[in-house]
Amino acid sequence: MSANSARDVVLGKIRAALKDVPQSEKPDGAAVERSYLTTADAPRSELVRQFIERVEEYRAKVKTTSPDGLARVIAESCAENGLRSLVVPAGLPEGWAPADLTLLHEPGLTIDQLERADGALTACAVGIAQTGTVVLDAGPGQGRRAVTLLPDHHLCVIFEDQIVCLVPEAIARLHDVANRPDRPITFISGPSATSDIELNRVEGVHGPRKLEVIVVASA
Amino acid sequence: MSRHAPTTRAELMSRDVEPLPTHAPAQPFPEAARISLADVQLRRNMGKVTTTIRAKRAKAVAELPDWEDLREAGRAIKDQTLRHLDHYLIQLEQAVTKAGGKVHWAADATEANRIITELVKAHATNEVVKIKSLTTDELGLNEALHEIGVEAFETDLAELIIQLAGERSSHILVPAIHKNRAEIRALFRRQLADTENLTDEPKALAGAARAHLRKKFLSAKVAVSGANFGVAETGSICIVESEGNGRMCLTLPRVLISVMGIEKVIPSWRDLEVYLQLLPRSSTAERMNPYTSIWTGASAPGDGPEEFHLVLLDNGRTKVLADSFGRQALQCIRCSACLNVCPVYERTGGHAYNSVYPGPIGAILTPQLVGVHNAGSLPYASSLCGACYDACPVKIHIPQVLVHLRGKVVEHKRDSLSGRLAPESLAMKTLGRVFTSPRRFERFQRLGRLGQRLKVHNGMIESLPGQLGGWTAVRDVYPVAPETFREWWRRRESGSTSTPSSREGQS
């Protein structure tokens, strides 16, 4: 069967199957009632507290700092974890990455170089308090997807004003990049994990085995 | 394909059984269930995991004050989408194409396998990495690839486990749920290199899988995946996972082929806000699964596959769509909550359903996909307790659809000569005649009262003779009353004072 005819066959079968739908009924997303929560008016401090608590529940490490203390906290984390080489994506603000480490600058690293790097330091697009999630959308300082996948340690910096309470609030913020092939989106909730053995959650499969989130207070 | 119906657990679990009973009637559920029920270890494993996950899910769901509103929205969006499925699929096709992806349509499994194998051949590789996908299981894709000399490597931990064991999946989310850690350890030590000192700690087992698959991820040229959602508005495809094997497959190979059932399309970007809340809490009972990947078309240079193919698959789905009541089965987001709460599934495990879609959702999906003539026992694989409906995040009324399909099974039987002459059919026809005339009905009651004399014990009939015995195999039947209401009424009118017990002896 040629490519076109398969398309015609499937669409034809769908239309035949939907004979009970009146011709006058048109596709309309507004017909769906959305009575679930789409905004929350929790104070920022509460939001940040919940975000930290829930990221930690998935055994990711969380640190808090002020904008001035950020570089110091990043350096401490690298030292604590024995990271000697760090992948730095394009667009990461000057001064974040500790100068005494081997910094591997993107773009241009090979998969092999990424694989051998000890860790990666990135910014993110948005954080979700309700679920303890950070979202990357390939924006400045976030790098391509392999950067936060191959190195075994992911250090992710988030500013308090990037944290929203609910999933719908995060989805709304991501709408503008959703149709762009150059802006793939990744939701990250804790380090790589599996529940495949007796439905017990175990951290550390194929993605980074360590996730560390640094929350920066808004100035 | 297996030549005879399985008689042992090993045969029942074997990949020789068709993924869907498309070509011939499946082994009836009660027969297959009996084989599973004899496996004590299986019952212990299943009881343990379903109890654990049920408690966790209840907690994850209770945390959201708007859970019922989310369920209703999840149902309504899918219902709207299905009612205008052609419109949204065309919109999706346009958006994916605009973003540099290529869209293929496949009416059935053969066609889909042909498209995929040709794409793989065109890239001159003899291995592909795979993200766990029920849709490709349904196609028997791994076997089709094997026939052209291409090996498919399953990268999800549970899929890897059953692939190494040569078994079929028994759960839509956790395919190896029937195996406990000791069994998995034994399997890995037999099949994987450098595992002499492997313990049965889940962490160690996951580590062994990581080491085993790492090189494959780095060298594979082609990846094959399913899809959780396809957004018509933006052309974005969404995959929800835990381990990072999905991210590996979506990021490192040069070519990505995603197979998506036509019912997985959702109209707008915004709709993800509903399903990304419903799915994780219903499946692994987490607030959010570790990784969710969303991409649109072919990737930008250096950040993922330069070539992206989306295969839109029918394979029986339009048959489900044509039944305006049974259609709701297509709302399913494959969370597996219905399996975990089902008292039947908990005891028999997934293999007894003889389909890649086991459990309550499988019992309504499989017969509709392949026709009740090939899976007619599945609508009866339920006690109709309704737990599945309560757990379903998109409110599929599974018990009602089961009853609806039982009707279809009976209709189908009536349509064939052997069915018309079957004892059940003849008995129903006789009863039909009896019930349509009061006089015949009363004569039948009197006959019954005579016939039941030796059968009534302690006021109940415990076994009926002959073919009727099937009915009493699992339940007792009330005998015909010594005096019916109508008899009593007539007696009252005629002024007779004798009591029925003086006229009819009761044993």
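In chain A, strand β6 (residues 133-136) pairs with strand β9(A) through 3 bridges, and the two run antiparallel. Strands are DSSP runs (E, at least two residues) numbered from the N terminus, as are helices (H or I, at least four). Pairing requires at least two DSSP bridges between the strands. Within this pair, A:Val135 stands opposite A:Phe187. The model is predicted; local features need pLDDT of at least 70, side-chain atom pairs count only at pLDDT 80 or more, and totals for chains, interfaces and linings use all residues. Residues are numbered from 1 along each chain as its sequence is written, while chains are lettered from A and ligands numbered from 1 in the order in which they are written.

A:Ile185 stands opposite B:Ile294. A:Ile188 has B:Tyr291 as its bridge partner. Both faces of β9(A) are covered. A:Ile185 and A:Phe187 are buried on one side, A:Thr186 and A:Ile188 on the other. A buried residue has 20 or more other C-beta atoms within 10 Å of its own, with C-beta atoms placed from the backbone.

Overall, 67 residues of chain A are in contact with 83 residues of chain B. Contact means that C-beta atoms, placed from the backbone, lie within 7 Å. On the chain B side, helix α11 (residues 202-219) gives the most, with 8 residues.

Technical notes
Two residues are in contact if their C-beta atoms, placed from the backbone, lie within 7 Å. A residue is buried if 20 or more other C-beta atoms lie within 10 Å of its own, exposed if 12 or fewer, and partly exposed in between; C-beta atoms are placed from the backbone.
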